[in-house]
Amino acid sequence: MGGHPEGHPEGHPEGLPGPALPQAPPITCDEPGSFARSVFQDRHPVLIRRILDAVPYGPERRRDFAALLEESRSGTVAGLPRDAPDRAAWEEWGEGRFGRRWAELPFLWSESYFYRRLLDPAGYLAAGAWHGVDLFAPFKDAELDGPGFAADLAALDELPGLAPADREHALLAAAVWGNQADLGFTMVAEAAAPEASGTLVADESERLWSLLDGGTVVVVTDNSAREILADLALVDDLLASGRAREVDLLVKPRPYYVSDATTQDVLSCLRRMTAAPGEAARTGGRLLAALREGRLTLTAHPFACAPLGYRDMPYDLRERCAAARLTVMKGDLNYRRLVDDRLWPATVPFADVTAYFPGPVATLRTLKSDTVAGLAPETVARLDAGGTAWRTSGTHALIQVTVPG
Ligand SMILES: O=P(O)(O)OC[C@H]1O[C@](O)(CO)[C@@H](O)[C@@H]1O
């Protein structure tokens with residue numbers, strides 16, 4: 001597994017191809033009033049309270065959740081339990097970071113490690129009664145049972161009546177805006193449930209479609225329930241139309257960032273689809289057939305839950321993305337990983353920041369954190385003048401594409 005010491009403000013890890021990165025500081029939680037700080041100080045207490053309300057963990061586990069919260073808000077970073085199955089990987093990914101203040105570390109690293117650490121009080125990895133019990137399942141289930149998911153299933157009935165270009169447009173828009181359905185994001189009331197669709201601050205969808213000419217497509221998924229439903233509907237159309245010969249769906253190997261999709265979550269969604277009437281059932285049936293025939297595959301790679309950017313992808317993933325016609329990155333966290341979660345000037349060319357990527361890559365993201373690249377100067381000026389939290393509120397989205405030279 002790749003890893004690197006304290007970021008790489010410029011240049012790239014030795015031996016990797018691609019031009020040097022321009023300078024930009026990594027985002028940390030040290031800045032008072034920053035979004036990153038509010039995630040640890042405001043969102044995480046709400047998240048842990050909700051977990052403890054939803055799951056009947058005993059007193060010792062509840063104390064351990066509280067201790068983790070305290071440590072991560074004001075303490076220094078402790079290591080993993082001696083017998084943790086992923087201890088060796090984290091020792092490499094976290095080299096030089098244990099024992100330091102959480103707030104001074106790169107936000108991407110500290111937030112990812114926080115989600116890893118949550119698995120310990122939950123007993124998810126250790127042998128015992130709670131082994132393998134998804135601590136976020138109550139939230140994911142509530143979304144699957146909610147009116148929004150039912151409406152999305154019913155909306156699939158509109159698709160067969162649309163002309164192919166309109167259907168593609170509708171499916172791509174659903175996959176972009178489906179990323180608003182992020183349960184971690186809705187942990188604070190003011191960020192909850194932004195309107196169904198807002199503004200695209202960058203739209204390279206024509207370039208994206210031009211790349212889809214029948215090869216293998218890798219889809220790096222984000223959230224379960226409503227977002228994965230939209231993603232699966234898009235994947236079905238890519239396979240059915242011949243725009244993709246094969247699709248490899250990368251999912252998380254374990255519960256992560258509240259609602260991130262695991263294999264189990266994909267299967268739950270497919271089950272809901274096939275149990276529904278109309279087009280939802282037909283789409284679900286085609287996807288199940290594609291899984292059985294190997295045209296659709298699921299991959300749960302450990303690097304999916306690594307605290308590092310995609311610049312540090314291990315060799316096997318790098319090869320997979322290099323061989324694909326297109327890699328589609330879903331959501332905010334994948335975007336942060338793609339651009340290394342730095343405070344770029346928003347107008348820095350997206351192609352420069354992502355030139356290291358081993359093959360064509362597209363990103364479909366609603367903006368829910370500070371980092372962003374590749375925006376036109378007039379767009380940034382207009383957004384900044386608007387006085388809204390456009391970078392973090394989830395009301396704006398983008399579709400960006402890089403084809404490395
Ligand atoms: O589900 P998404 O789109 O990856 O969003 C997750 C985002 O939510 C946050 O965890 C904040 O709550 C961000 O730090 C993170 O990038």
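Guide: Helices (H or I, at least four residues) and strands (E, at least two) are DSSP runs, numbered from the N terminus. In this predicted model, D231 lies in helix α9, which covers residues 226–241. Residue numbers start from 1 along each chain as its sequence is written, and local features need pLDDT of at least 70, side-chain atom pairs count only at pLDDT 80 or more, and totals for chains, interfaces and linings use all residues. Side-chain values use heavy atoms, with hydrogens and water left out.

Visitor: Is D231 buried or exposed?

Guide: Buried means under 20% relative accessible area, exposed over 50%, and partly exposed in between (1.4 Å probe, protein chains only). D231 counts as buried because its relative accessibility is 3%.

Visitor: Which residues is D231 in contact with, leaving aside its neighbours within four places in sequence?

Guide: Contact means heavy atoms within 4.5 Å. With those neighbours left aside, D231 is in contact with A175 and K330.

Visitor: Which residues of α13 are buried?

Guide: In α13 the buried residues are G331, D332, L333, N334, Y335, R336, R337 and L338. That is eight of the eight residues of the helix (residues 331–338), so α13 is largely enclosed by the rest of the structure. Just after α13, D340 has a positive phi of about 70°.

Visitor: How many helices and strands does the protein have?

Guide: The protein has 15 helices and seven strands. For overall size, the radius of gyration is taken over C-alpha atoms, and the globule rule is 2.2 Å times the number of residues to the power 0.38. The protein's radius of gyration is 20 Å, close to the 22 Å that the rule gives for 405 residues, so the protein is as compact as a globular protein of that length. Its C-alpha trace spans about 55 × 50 × 45 Å along the principal axes. Buried residues make up 55% of the 405 residues.

Visitor: Over which residues does pLDDT stay under 50?

Guide: pLDDT is the predictor's confidence in each residue, from 0 to 100. The mean for the protein is 92, and 90% of its residues reach 70 or more. Residues 1–18 stay under 50, and the model has 47 contacts for them beyond four places in sequence. Residues 189–196 are also below 50, with twelve contacts in the model beyond near neighbours in sequence. Where pLDDT is low, the predicted coordinates should not be read in detail.
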